[in-house]
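Before reading on, please take a moment to look over the sequence and turn the structure around. The paragraphs below then go through it step by step, from the whole chain to single residues.

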Amino acid sequence: MEFYDRTYNLREMFDREADLSDLIAANPDVVGEWIGEDGLELEGREQLFGDVKADILFTTPDGRLVEVEVQLGDADDLHLGEIVRHLSQREADIFVWVAQSFNRAMNRVFRQWNRPGGRDYYTVETYGVEGTRLLGWDVIESPYTLDREVDGAASE
């Protein structure tokens with residue numbers, strides 16, 4: 001297993017957020033690894049729904065919609081607000097937020113949203129990029145954490 005330097009800044013690697021979005025859109029198998037789905041198909045890029053744009057849309061083989069929000073730099077309240085607007089205007093089954101890093105407060109929001117029977121929410125920190133390949137990432141929050149499994153079992 002290789003280890004990557006996590007001290008770099010995504011803003012130093014990419015001139016624009018769209019450049020990182022292009023890389024992610026070109027790697028549906030990597031996004032599939034993040035969410036545990038094989039065979040994702042690119043549905044669209046920068047699609048306008050209401051007054052918000054979806055950075056990247058994929059579909060799963062069974063027709064579920066996956067929306068990926070890409071942010072250069074650390075997760076922040078401005079992007080969180082954008083995500084709330086996305087979710088109010090879009091019916092994505094799976095929502096993935098990609099950024100350089102997430103603090104506990106940001107992950108707590110997604111953890112609270114990840115409830116059995118609802119949308120699936122993921123936060124992903126990206127840190128390894130080589131040419132046109134995403135090499136390093138950590139899925140920080142997902143619907144399959146121990147917390148959710150325990151919460152789900154308790155509510156049954």
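The model shown here is a predicted one, and its protein chain has 6 helices and 6 strands. Read from the N terminus on, these elements run in the order α-α-α-β-β-β-α-β-α-β-β-α. Of the 156 residues in the protein chain, 47% are buried, and among the contacts between residues at least 6 apart in sequence, 60% join residues that are at least 24 apart.

Is strand β2 enclosed or open to the outside? Because 7 of its 8 residues are buried, β2 is largely enclosed by the rest of the structure.

A residue of β2 shows what this looks like in detail. I56 has its place in strand β2, and with a relative accessible area of 0% it is buried, since buried means under 20%. Leaving aside its neighbours within four places in sequence, I56 is in contact with S21, I24, A25, L42, G44, R45, V66, E67, V68 and V70. The C-alpha atoms of I56 and A25 are separated by 6.5 Å, although these two residues lie 31 residues apart along the chain.

One of the contacts of I56 is S21, and S21 is found in helix α2, residues 17-25. S21 also counts as buried, because its relative accessibility is 1%. Apart from neighbours within four places in sequence, S21 is in contact with R45, D55, I56 and V70.

Not counting residues up to four places away in sequence, E41 touches L57, F58 and T59. The C-alpha atoms of E41 and A25, which are 16 residues apart along the chain, are separated by 9.5 Å.

Helix α3, residues 28-35, has V30, V31, G32, W34 and I35 as its buried residues. An α-helix has 3.6 residues a turn, so residues three or four places apart point the same way. After α3 comes G36, whose phi is positive, near 75 degrees.

We finish with a pair of helices. The axes of helix α4, residues 77-89, and helix α5, residues 104-113, come within 11 Å and cross at roughly 20 degrees. Such an angle makes α4 roughly parallel to α5, because angles under 35 degrees count as roughly parallel. The crossing of α4 and α5 is right-handed. Which residues of the two helices meet? From α4 come D77, L80, I83, V84 and L87, and they meet M106, V109, F110 and W113 in α5. Sorted by class, this contact of α4 with α5 has 8 nonpolar residues, no polar ones and 1 charged residue.

Methods: Residues numbered from 1 in each chain as written. Predicted model: local features only at pLDDT ≥ 70, side-chain atom pairs only at ≥ 80, totals over all residues. Heavy atoms only, no water. Axes fitted to C-alpha atoms, helices over the stretch in contact; angles between N-to-C directions. Helix = DSSP H or I, 4+ residues; strand = E, 2+ residues; numbered from the N terminus. Parallel < 35°, antiparallel > 145°, perpendicular 65-115°, else oblique. Left-handed = near helix turned anticlockwise from the far one by under 90°. Contact = heavy atoms within 4.5 Å. Nonpolar A, V, L, I, M, F, W, Y, C, P; charged D, E, K, R; others polar. Buried < 20%, exposed > 50% of the residue type's maximum accessible area, 1.4 Å probe, protein only.
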